[in-house]
Amino acid sequence: MLKVLIAENDLLMADMLEEIVVDGGFEVCGIARTVAEGVALGKLHKPDLALLDLRLAGGELGTEIAARLDRAGLGILYATGNAGQIDLSSADGEACLDKPYRPADVLRALHIVEEITHTGTASPPFPSGFRLLESLPGAKRKTGGGGTDTRDADIARLLRQQAALATFGSFALGESDLGKVLTEAARVCAESLEVPFCKVCRYRADENDLLVEAGIGWHPGVVGGVVSRADKSSPQGRAFITGKPVICEDLARDASFLLPAFYAQHGIVSTLDVVIRKQEGQPWGVLEIDNPKRHVYDEHDINFVTGFANVLAEAVNTSKRNSVVQAALEQMKDMVADRDRLLAAQERLLSEKSVLAQELQHRVRNNLQLVYGMLNKQIHSPDEGSGTEGISAIARRVMTLAKVYDHLLGAGLTRTIDFGTYLSSLCDGFNDMEVPQHRNILLTCHSQPLMLDLDTATALGLIVAELISNSYLHAFPVDAGEITVSLHAGREGEDATIEFADDGIGFSDTGTSKRRGLGLVRRLMEQIDGSATLHSGHGTAWTLKFSAPVEPVLHAA
């Protein structure tokens with residue numbers, strides 16, 4: 001039986017992935033939330049496969065686990081919703097599976113990675129959202145369906161062009177000198193399309209012409225000195241007038257052009273021109289690729305050059321905006337000190353809000369994947385009688401997570417929420433949900449104000465929801481009884497405590513409960529460095545202890 005290592009920041013997601021993998025005939029040798037845990041488990045158990053999320057606890061990346069483990073005989077599959085934010089290659093692993101995915105997709109992806117590890121090939125069909133990680137330029141990966149050298153070369157060319165465009169975009173955003181941006185654009189375009197010449201032409205309204213503002217490969221005097229009319233008599237002029245890409249495979253065969261002399265002086269045969277647009281009004285200019293050989297440019301080449309033109313357009317707009325801002329700053333020198341202080345405070349606030357927004361986005365993505373997985377499992381459950389119970393369980397989980405977002409957003413997207421208010425709201429939600437089916441079961445909640453960070457509040461909310469759900473489902477065979485939840489903030493230096501109790505038939509710790517019992521409760525408590533104690537005699541009682549900063553909760557007057 002093949003061993004699988006799982007690295008996933010979200011314990012609920014990890015729990016669901018573990019069940020999928022085990023049900024698919026694999027053995028899970030460990031679950032890690034951090035890079036250190038993943039490396040330690042990998043060295044200890046020497047897994048055959050690793051199922052990694054890109055984003056782990058503490059902002060770490062799953063690729064660091066792959067980099068620090070012995071890759072001999074180890075297949076790496078990334079299952080994540082963050083793949084588009086990080087460039088992955090075959091140096092990082094074998095394949096990637098994007099969220100959302102079905103349980104069957106995960107199992108099929110693992111089998112493909114296993115095949116790659118043992119044979120070096122990957123046989124279709126591939127599941128939805130699955131892709132093989134490409135090698136660095138010059139390397140090839142075999143596929144079970146075959147392939148041709150031409151297709152591999154085309155793919156390699158497109159990858160190089162995409163990488164070049166991305167690198168140039170980063171350069172353009174960080175460079176304030178527009179002349180350097182234009183020259184670098186000409187150089188990278190020519191290099192990526194494997195031609196010796198490229199130029200950037202700027203439109204001059206007073207002269208109604210196009211001046212060669214920057215370029216690569218031209219004789220001295222062309223850049224900054226050569227112009228062409230802004231009409232249809234030249235390739236760049238035609239692109240400027242029509243606003244559309246202009247391709248000329250052989251200039252000698254197009255009698256409609258009255259070309260400037262420098263085309264013949266450089267032996268230019270074929271050209272590709274695209275417009276550099278402004279936010280409004282006439283275009284800023286034209287980006288032209290020049291080739292001394294006859295060449296047929298395809299749609300990918302046009303899209304690539306258009307991408308560069310779009311980046312240049314933004315660079316031009318940014319340059320103009322920067323000039324206006326600089327002029328304004330020169331007039332406000334006497335206010336610089338106070339302005340810097342205000343801007344620094346604003347930057348810190350925006351940075352914190354940005355981080356919180358990214359964390360919220362990541363949580364929403366994982367929680368939607370969790371709901372998707374539970375629904376998918378319920379749909380394919382062979383036990384028809386479990387339908388109502390399964391849907392109810394999903395509804396409780398969704399309600400619990402929704403309460404977190406409700407209180408988080410209601411507080412203005414801060415790092416902390418009042419857990420006492422959240423806990424009362426959670427219990428009210430269960431009352432609304434369960435009373436129609438369990439009218440004789442009374443749920444009461446007593447809480448004190450307590451500010452907790454988002455991770456701790458989420459984990460405790462899921463734990464309490466799990467315990468309430470279990471009591472409703474299993475503690476009262478005659479459908480009558482009482483459930484109480486109490487939150488004690490504790491004094492300074494003392495742990496906060498949640499007391500949970502029901503007067504049902506009691507609970508026996510057999511060691512076999514995992515998903516909605518002891519395993520999940522204790523995992524989540526370990527995640528927040530807390531403890532969970534179970535007492536079962538006349539009913540069931542849990543004592544949950546955890547550390548919490550003593551921070552006052554401010555209420556509106």
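Biologist: What makes up the secondary structure of the chain?

Modeller: The chain comes to 14 helices and 19 strands. Helices (H or I, at least four residues) and strands (E, at least two) are DSSP runs, numbered from the N terminus. This is a predicted model, in which local features need pLDDT of at least 70 and side-chain atom pairs count only at pLDDT 80 or more, whereas totals for chains, interfaces and linings use all residues. Residues are numbered from 1 along each chain as its sequence is written, and side-chain values use heavy atoms, with hydrogens and water left out.

Biologist: How many of the 557 residues are buried, as a percentage, and what does the word mean?

Modeller: Buried residues make up 46% of the chain. Buried means under 20% relative accessible area, exposed over 50%, and partly exposed in between, with a 1.4 Å probe and protein chains only. As for contacts (heavy atoms within 4.5 Å), 63% of those with a separation of 6 or more join residues 24 or more positions apart.

Biologist: Why is I289 called buried?

Modeller: I289 has a relative accessible area of 0%, which is under 20%, and therefore I289 is buried. The residue is found in strand β12 (residues 285-291).

Biologist: How do you know whether V222, a loop residue, is buried or exposed?

Modeller: V222 has 5% relative accessibility; that is under 20%, so V222 counts as buried. The loop in question runs between β8 (209-216) and β9 (227-229). Apart from neighbours within four places in sequence, V222 is in contact with V212, F262 and H266.

Biologist: What makes a set of residues a nonpolar core, and which members of the largest one touch the most others?

Modeller: A nonpolar core is a set of buried Ala, Val, Leu, Ile, Met, Phe, Trp, Tyr and Cys residues joined through side-chain atoms within 4.5 Å. The largest has 44 residues, of which F419, L460, I468, V485, I498, W542 and F546 touch the most other members. Helix α13 (residues 454-475) gives this core its largest share, eleven residues. Beyond four places in sequence, I468 is in contact with C427, F430, L443, I483, V485 and F500. A second, separate core of 32 residues includes F168, L182, L193 and L272.

Biologist: What makes the meeting of helices α1 and α4 a right-handed crossing?

Modeller: A crossing is left-handed if the near helix is turned anticlockwise from the far one by less than a right angle, and right-handed if clockwise. The crossing of α1 and α4 falls under the second case and is right-handed. The axes of α1 (residues 11-23) and α4 (residues 103-119) come within 10 Å and cross at roughly 65 degrees. Axes here are lines fitted to C-alpha atoms, for helices over the stretch in contact, and angles run from 0 to 180 degrees between N-to-C directions.

Biologist: Which residues make that contact, and how do they divide by type?

Modeller: L17, I20 and V21 of α1 meet P103, V106, L107 and L110 of α4. These residues divide into seven nonpolar, no polar and no charged. Ala, Val, Leu, Ile, Met, Phe, Trp, Tyr, Cys and Pro count as nonpolar, Asp, Glu, Lys and Arg as charged, and the others, Gly among them, as polar.

Biologist: How many disulfides does the structure hold?

Modeller: The structure holds zero disulfides. A disulfide is counted where a pair of cysteine sulfur atoms lies within 2.5 Å.

Biologist: Which peptide bonds are cis?

Modeller: One of them joins K99 and P100, with omega about 0 degrees; P100 lies in the loop between β5 (95-98) and α4. Another runs from P124 to P125, with omega near 5 degrees, and P125 is placed in the loop between α4 and β6 (130-132).

Biologist: Why is N208 called partly exposed and D529 exposed?

Modeller: N208 has 40% relative accessibility, which lies between 20% and 50%, so N208 counts as partly exposed. D529 has 69%, which is over 50%, and is therefore exposed. Although not a glycine, N208 has a positive phi of about 50 degrees, and D529, also not a glycine, has one of about 60 degrees. N208 lies in the loop between β7 (197-204) and β8, and D529 in the loop between α14 (518-527) and β18 (531-537).
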